Amino acid sequence: MREYSKKDDVQRKSYYNDRFFISPTQEYISVENDEIFYKDLQELEKTCKIQKLYICHAHLILEISKNEVLNILEKLKTLEYDMLVELSCVDYLAQNNSFEIFYELLSISKKKRIRVKTTILQNENIESVSKIFKSANWSEREVYDMFGVKFINHPNLKRILMPDDWYDHPLKKSYPLQGDEVASWYEVDKIFGKSARDIIGPEIRDSATIDRYDTTRFSRLGHEVPFGFKPTNESTDIKYQEENQRLVKNLDPNKSKTLERRK
């Protein structure tokens, strides 16, 4: 497996070269300026411990400890924030060896959104909220699959996108964008065994390349072919750019037709 380069300062780098560009800043508003949020907050603080709170982009942001997650979500559901529209994770392993778990709640009756955020260390677990919101079931499985965060008391905590025997979690910032050497051999080893590596070769994971034939010759670029079809001597690797240039060179303007309107 290749060595991972440090990515501590990736998000600090500027993606704009314009010297007149001004990076947008987030405006934090006090909760007292919103009557609905202020009233709900007074009810929350009676039974819940909140570390930090503010309004940002019309969302009420609540930062809490992981032990308060179940308590505050149950209370918010009684306050008519009864729809969990998003549950996901952010990787801060390079900065402070932790993950940020956030829960996005929506109140249709009040037309308001609340985001609950908590932080856990890399090897820590967190309680599942699927018994409060049924929609959290698949969201927590996705977080487990993509980041490796384990949710305690989840009814069926297993991978949802990647194969069950996949060795890593693809949405970590340390994970290579096009996978590594192990990923390039996964399908060959799984389907044919390691003994077929020299015959088939590694998977081409370059997104700018199309393989005209797959490993079983089941489908072909542009048209279907029978199963087990033997390829000709033509090249199997096609670049998008090269294919587009060939199409443009063979274009005859005298044979082209311009439609007056779309059908």
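Me: Which residue stands opposite Leu106 in strand 6?

Reply: Good place to start! This is a predicted model, and in it Leu106 has Arg113 of strand 6 across from it.

Me: What is the order of the strands in the open sheet?

Reply: Six strands make up this open sheet, and the order is 1-2-3-6-5-4, with mixed pairing. Strand 1 (28-29) and strand 4 are the edge strands, each pairing on one side only. To put the sheet in context, the protein has eight helices and twelve strands.

Me: In which sense do strand 3 and its partners pair, parallel or antiparallel?

Reply: Take the partners in turn. With strand 2, strand 3 runs antiparallel, and five bridges join them. Within that pairing, Cys56 has His59 of strand 3 as its bridge partner. With strand 6, strand 3 pairs in the parallel sense, again over five bridges. There you can find Glu63 opposite Lys117 of strand 6.

Me: How many residues lie between strand 2 and strand 3 in their hairpin?

Reply: Two residues lie between them, and His57 in that turn has a positive phi of about 55°. Here is the general idea: most residues other than glycine have a negative phi. With that in mind, look at two loop residues.

Me: Where are Glu80 and Lys111 found?

Reply: Glu80 sits in the loop between helix 2 and strand 4, just after helix 2. Its phi is positive, near 75°, although Glu80 is a residue other than glycine. Lys111 is in the loop between strand 5 and strand 6, and the phi of Lys111 is also a positive value, near 55°.

Me: How do I read their relative accessibility?

Reply: Use the cut-offs: under 20% is buried, over 50% is exposed, and values in between are partly exposed. Glu80, at 40%, therefore counts as partly exposed. Lys111 has a relative accessible area of 73%, so Lys111 is exposed. For the protein as a whole, 33% of the 263 residues are buried.

Me: What does Phe37 touch?

Reply: Phe37 lies in helix 1 (residues 35-44) and is buried, with a relative accessible area of 0%. Leaving aside residues up to four places away in sequence, its contacts include Ile55, Ala58, His59, Leu60, Tyr81 and Ile114.

Me: Which residues of helix 2 are buried?

Reply: The general idea first: an α-helix has 3.6 residues a turn, so residues three or four places apart point the same way. In helix 2 (residues 69-78), the buried residues are Val69, Leu70, Ile72, Leu73 and Leu76. They pack against helix 1, strand 3, strand 5, strand 6 and strand 7.

Me: Why is helix 4 described as largely enclosed?

Reply: Nine of its twelve residues are buried, so the rest of the structure largely encloses helix 4. Among the buried ones are Ala136, Val143, Tyr144, Met146 and Phe147. Their cover includes strand 4 (83-92), strand 5, strand 7 (126-127) and strand 8 (151-152). Helix 4 (residues 136-147) also lets you test a length: at 1.5 Å a residue it should span 16 Å, and its end C-alpha atoms are 16 Å apart, which agrees. After the helix comes Gly148, with a positive phi near 90°. Strand 3 is largely enclosed too, because four of its five residues are buried.

Me: How much space lies in the second largest pocket?

Reply: The general idea is that rolling a probe the size of a water molecule over the atoms shows where empty space is left. Here the second largest pocket holds about 350 Å³. It is lined by 13 residues, of which Gln26, Tyr28, Tyr54, Cys56 and Lys117 are the closest to its centre. The lining divides into six nonpolar, four polar and three charged residues.

Note on methods: Residues numbered from 1 in each chain as written. Predicted model: local features only at pLDDT ≥ 70, side-chain atom pairs only at ≥ 80, totals over all residues. Heavy atoms only, no water. 1 Å grid on protein atoms, 1.4 Å probe; cavity = no way out; pocket = protein on both sides within 12 Å on 5 of 7 lines; lining within 4 Å. Points joined across faces, edges and corners; volume = space filled by probe spheres on them. Nonpolar A, V, L, I, M, F, W, Y, C, P; charged D, E, K, R; others polar. Buried < 20%, exposed > 50% of the residue type's maximum accessible area, 1.4 Å probe, protein only. Pairing = 2+ DSSP bridges. Expected span 1.5 Å × (residues − 1). Contact = heavy atoms within 4.5 Å.
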